[in-house]
Amino acid sequence: MGSTATESVEEIDSRLVKKGKWYNNWKWITSGIVIILALILAALNYYQAKHFNANIKINGVNVGGLTSDEALNKLKSSVLKNVVFVGEKQIFDGKDTKLGFSDQDLSGINKLLKSQQSFFPSSKEKDYSLEPNSGDPYRSQEMKKLVEEKLAALNNNLTPPVDAKATLQQGQIVITKSNNGEQYDVASLIKAYEKQQYASEIHLDPVYIQPIKEDSETVKNEQKILQTLLQQKVDYKVQNQVYSLKASDLIKSATVSKDLKVTIDPADIKNKLAEINDSQSTLDKDFTFKTHSGSVIKVQGQGYGWALDVDKEAASIQAAFEKGESSTAASNIIGHGWSGEGYGYDITANNGIGDTYAEVSIAEQKIWIYKNGKLVVSTNVVTGKHSTGEDTSKGVWYILYKRNPATLKGSHVGLGSYEVKVNYWAPFTNSGQGFHDASWRTNWSSTAYLKAGSGGCVNTPSSIMKTVYNNLSTYEPVVVY
């Protein structure tokens with residue numbers, strides 16, 4: 001039978017000894033590696049705790065790899081050029097400034113250092129914003145204002161946008177087209193400027209003022225306002241008559257403002273007012289008058305009479321349409337009063353003269369005074385001297401005022417000036433003609449006026465003048481014919 005080799009005891013022992021030595025050596029090597037790695041990590045962690053990561057910025061300044069102290073020193077020395085660009089165009093070059101950092105800001109930098117810290121180095125980019133304790137207000141105040149003014153100045157030479165609008169043209173609602181402009185949206189650019197408060201060069205993307213478009217809610221609202229306007233009607237009262245004024249007939253042109261208030265072209269309203277005024281006013285027109293004898297005559301209005309101030313009344317009606325009011329009444333009345341006022345507007349009876357008035361007949365040399373349609377006094381009088389052309393002026397006048405007593409001053413043709421006292425005085429023309437007593441007169445005949453009349457006044461016998469005076473009222477008509 002064959003024989004096999006067997007391992008000797010000595011060989012086995014030798015192999016085991018070698019194996020034990022290798023095991024012990026491996027343990028020492030592993031421990032060493034662990035210790036080295038721990039030291040590296042500790043050193044790395046310590047470094048990371050003291051230094052900013054590579055791509056960290058504070059207020060636009062790169063502080064990557066710097067300690068807090070180093071970062072502070074760099075921030076202290078950093079200079080802002082304060083140049084502003086809109087797109088590629090430089091629009092402003094301000095004075096150089098510093099960020100304004102001081103030793104008091106170290107704690108804030110330390111907080112940023114801690115907040116960005118990572119166990120392993122990071123290449124993540126981040127730009128922190130830190131407001132210095134004693135920052136320079138130049139950029140946030142003075143420079144900001146200057147940039148805003150510069151943008152506004154640039155806009156003055158740039159084409160503004162054209163808004164779409166709904167307007168009334170020739171009685172039809174028309175929507176005009178919008179057009180883009182070149183003007184900057186200053187408010188938006190300033191907001192973008194404020195977000196770059198620490199950039200040395202401020203780059204702003206161009207933002208332009210946008211026009212109001214045809215399909216915008218604004219234009220739709222303008223359309224609605226104009227549609228409502230065209231459906232409006234204003235009842236316009238003049239004396240006892242009411243005219244129904246339709247917007248669709250009288251308003252051919254109108255616009256709507258940004259605050260949605262309508263403005264009307266009053267041209268056609270003025271034309272309508274002129275038409276009403278021509279048909280209804282009495283100023284400078286003939287009054288049909290029934291005399292004491294029953295005859296009907298026509299006497300032209302002189303001081304007495306009224307008319308509409310067409311321009312002011314048109315403005316009033318225009319305002320009524322613009323405000324959506326449904327009615328208005330005439331209130332701007334003009335005439336030949338001392339201050340341009342008109343008289344008789346409130347009177348419609350007796351063809352506009354009313355039932356209370358004084359009637360003066362030059363041919364008969366008499367007066368009749370009526371109160372509420374009833375004769376209250378009548379007397380013979382002497383009117384202006386006919387032979388010298390000093391006749392009492394014919395027409396419809398009104399009592400200007402009353403004085404008791406009064407001193408009259410004037411002149412007679414060929415006789416010079418005079419000054420005389422009377423007990424009662426009631427003038428009715430701006431030239432100085434009126435009713436008064438005449439105690440000096442001896443000739444009261446019906447023909448005295450032809451060659452021995454007054455200087456234009458209506459001389460009234462003293463015996464009845466008080467009654468006449470008491471029955472005359474200021475602003476009431478005096479009809480001389």
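Tutor: Let us begin with a definition: two strands count as paired if DSSP finds at least two bridges between them. Please keep in mind throughout that this is a predicted model.

Student: In which sense do strand S27 and S28 pair, and over how many bridges?

Tutor: In general, the strands of a sheet pair through backbone hydrogen bonds, either parallel or antiparallel. Here strand S27, which covers residues 434-437, pairs with S28 in the parallel sense, and 3 bridges connect the two.

Student: Which residue of S28 is the bridge partner of Asp437?

Tutor: The bridge partner of Asp437 in S28 is Thr460.

Student: Where is Gln169 placed, and is its side buried, partly exposed or exposed?

Tutor: Gln169 lies in strand S8, which runs over residues 165-169. Burial is read from relative accessible area, where under 20% is buried and over 50% is exposed; Gln169 counts as partly exposed because its relative accessibility is 38%.

Student: Which residues does Gln169 touch, leaving aside those up to four places away in sequence?

Tutor: With those sequence neighbours set aside, Gln169 touches Val174, Thr176 and Lys252.

Student: How far apart are Gln169 and Pro427, in sequence and in space?

Tutor: They are separated by 258 residues in sequence, and their C-alpha atoms lie 54 Å apart in space.

Student: How should I read the radius of gyration of the protein chain against that of a compact globule?

Tutor: The protein chain has a radius of gyration of 52 Å, whereas a compact globule of 481 residues would have one near 23 Å. Along its principal axes, the C-alpha trace spans about 195 × 60 × 40 Å.

Student: How many helices and strands are in the protein chain, and what share of its residues is buried?

Tutor: The protein chain has 11 helices and 29 strands, and buried residues make up 39% of its 481 residues. The accessible surface comes to about 27,100 Å², with 50% of that belonging to carbon and sulfur atoms.

Key. Residues numbered from 1 in each chain as written. Predicted model: local features only at pLDDT ≥ 70, side-chain atom pairs only at ≥ 80, totals over all residues. Heavy atoms only, no water. Helix = DSSP H or I, 4+ residues; strand = E, 2+ residues; numbered from the N terminus. Buried < 20%, exposed > 50% of the residue type's maximum accessible area, 1.4 Å probe, protein only. Contact = heavy atoms within 4.5 Å. Rg over C-alpha atoms; globule rule 2.2 N^0.38 Å. Areas by Shrake-Rupley, 256 points an atom, 1.4 Å probe, with all protein chains shown as cover.
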